[in-house]
Amino acid sequence: MSVPPAVEVDGLVKRYGTTTAVDGLSVRVDSGAVTALLGPNGAGKTTTVETCEGFREPDTGRVRVLGLDPRRDSAELRPRVGVMLQEGAGLYPGAGARELLTHLGRLHRHPLDVDRLVERLGLGGTGRTPLRRLSGGQRQRVALAAALVGRPELVFLDEPTAGLDPHARHSTWDLIGELRGDGVSVVLTTHLIDEAEQLADHVVIIDHGRLVTEGSPEELTSGPGDDVISFGGPPRLDLSTLRAALPESADVREVTPGSYQVAGVVDPHLLATLTSWCATNDILAEGLQVGRRSLEDVYLELTRRSAR
Ligand SMILES: Nc1ncnc2c1ncn2[C@@H]1O[C@H](COP(=O)(O)OP(=O)(O)OP(=O)(O)O)[C@@H](O)[C@H]1O
């Protein structure tokens with residue numbers, strides 16, 4: 001018997017006045033997997049997630065969470081679904097982390113151990129400090145703990161590592177990995193594409209409220225034309241003659257000053273064209289490497305295209 005999806009979004013449309021935030025989106029989130037929802041600012045991620053959380057009503061279309069209607073069946077879903085809102089929104093500002101988590105834990109039948117959770121998220125020293133006095137990153141961690149304390153079957157994490165320092169970000173990644181190991185379904189939105197590439201089993205890219213593409217990070221980065229040659233050289237090279245020499249399907253750009261990428265179908269001829277252009281222009285291509293494009297490269301290209 002196939003496992004029912006954790007979340008099913010079917011033809012979702014959500015408008016705010018004249019703005020269509022979500023425009024006929026259909027997405028399926030597998031049970032027990034980490035699914036990352038990616039897209040530029042204003043793409044409709046938060047609106048989609050908030051509709052799944054039951055905070056918003058679809059204009060048209062249908063949303064099912066653990067097989068239930070997030071608004072009609074909210075009482076049944078509340079103990080089974082963890083929600084982390086951006087920047088700790090919705091938490092009581094006067095409570096300390098320990099007090100808040102203990103209170104939330106009591107609302108659930110099998111809560112996590114609050115002391116362990118607080119230590120685990122590096123909040124031990126600040127457990128009694130009112131949330132409004134915590135730093136943004138600390139509040140963010142309390143919000144994550146609040147979403148997890150009830151041992152949910154499904155968690156929605158809205159930009160869980162935004163504003164976190166590198167240590168806190170890594171411990172959050174470990175925690176998300178553990179959730180997946182425990183069979184919890186995770187839906188996360190993030191602007192850190194490498195975070196999605198590392199953590200997600202399934203990536204959904206949306207723009208203008210519509211699906212751009214979806215698949216595993218491997219699927220999204222292993223299509224034909226997903227190879228890349230990277231090399232270093234002097235900054236601000238004039239790439240027009242290289243562009244003219246390469247096949248039309250190849251894309252060449254300076255990613256950061258002095259760091260270049262040629263993307264497309266990389267074959268020995270393309271490599272030879274590049275090295276010959278370098279020789280003609282007296283450029284020593286440093287660290288020249290043929291590899292696969294990153295999810296970030298794919299994301300940038302697809303969302304650039306959808307912006308056009
Ligand atoms: N409450 C609201 N009232 C009016 N317009 C809204 C409201 N919430 C969102 N929007 C608009 O809907 C569109 C989608 O916004 P949404 O917050 O869902 O995008 P997002 O992908 O989560 O963006 P970000 O990455 O910046 O968080 C945007 O154009 C936004 O301005």
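Domain bounds here come from an automatic or database domain assignment. That assignment gives domain 1 (7–220) and domain 2 (227–292). Their C-alpha centres lie 40 Å apart.

Two ground rules. Residues are numbered from 1 along each chain as its sequence is written. This is a predicted model, so local features need pLDDT of at least 70, side-chain atom pairs count only at pLDDT 80 or more, and totals for chains, interfaces and linings use all residues.

Now the sheet. Helices (H or I, at least four residues) and strands (E, at least two) are DSSP runs, numbered from the N terminus. Two strands pair if DSSP finds at least two bridges between them. Strands of a sheet pair through backbone hydrogen bonds, either parallel or antiparallel. Here, 6 strands make an open sheet, ordered β5-β6-β7-β3-β8-β9, with mixed pairing. β5 (81–84) and β9 (210–215) each have a single partner strand, so one side of each lacks a neighbour in the sheet. From one strand to the next, the twist averages 15 degrees.

Look at β6 (residues 154–158) and β7 (residues 185–189). They run parallel, joined by 5 bridges. L154 has S185 as its bridge partner in β7. Helix α6 (residues 166–181) packs on the sheet and touches β3 (34–38), β6 and β7. Contact means C-beta atoms, placed from the backbone, within 7 Å. The direction of α6 makes about 145 degrees with that of β7. Axes are lines fitted to C-alpha atoms, for helices over the stretch in contact, and angles run from 0 to 180 degrees between N-to-C directions.

Next, G82, in strand β5. Buried or exposed? G82 is buried, with 25 other C-beta atoms within 10 Å. The cut-offs: buried is 20 or more such atoms within 10 Å, exposed is 12 or fewer, partly exposed is in between, with C-beta atoms placed from the backbone. G82 touches A147, L148, G150, P152 and V155, leaving out residues up to four places away in sequence.

On to the cores. A nonpolar core is a set of buried Ala, Val, Leu, Ile, Met, Phe, Trp, Tyr and Cys residues joined through C-beta atoms within 7 Å. The largest has 65 residues, and L101, A145 and V155 have the most contacts inside it. Helix α5 (residues 136–148) gives the most to this core, 7 residues. Apart from it lies another core, of 11 residues, including A263 and L270.

Last, the ligand. Residues around the ligand include Y16, G39 and K45; the cut-off is a C-beta atom, placed from the backbone, within 6 Å. α1 gives the largest share of this shell, 3 residues.

Technical notes:
Contact = placed C-beta atoms within 7 Å.
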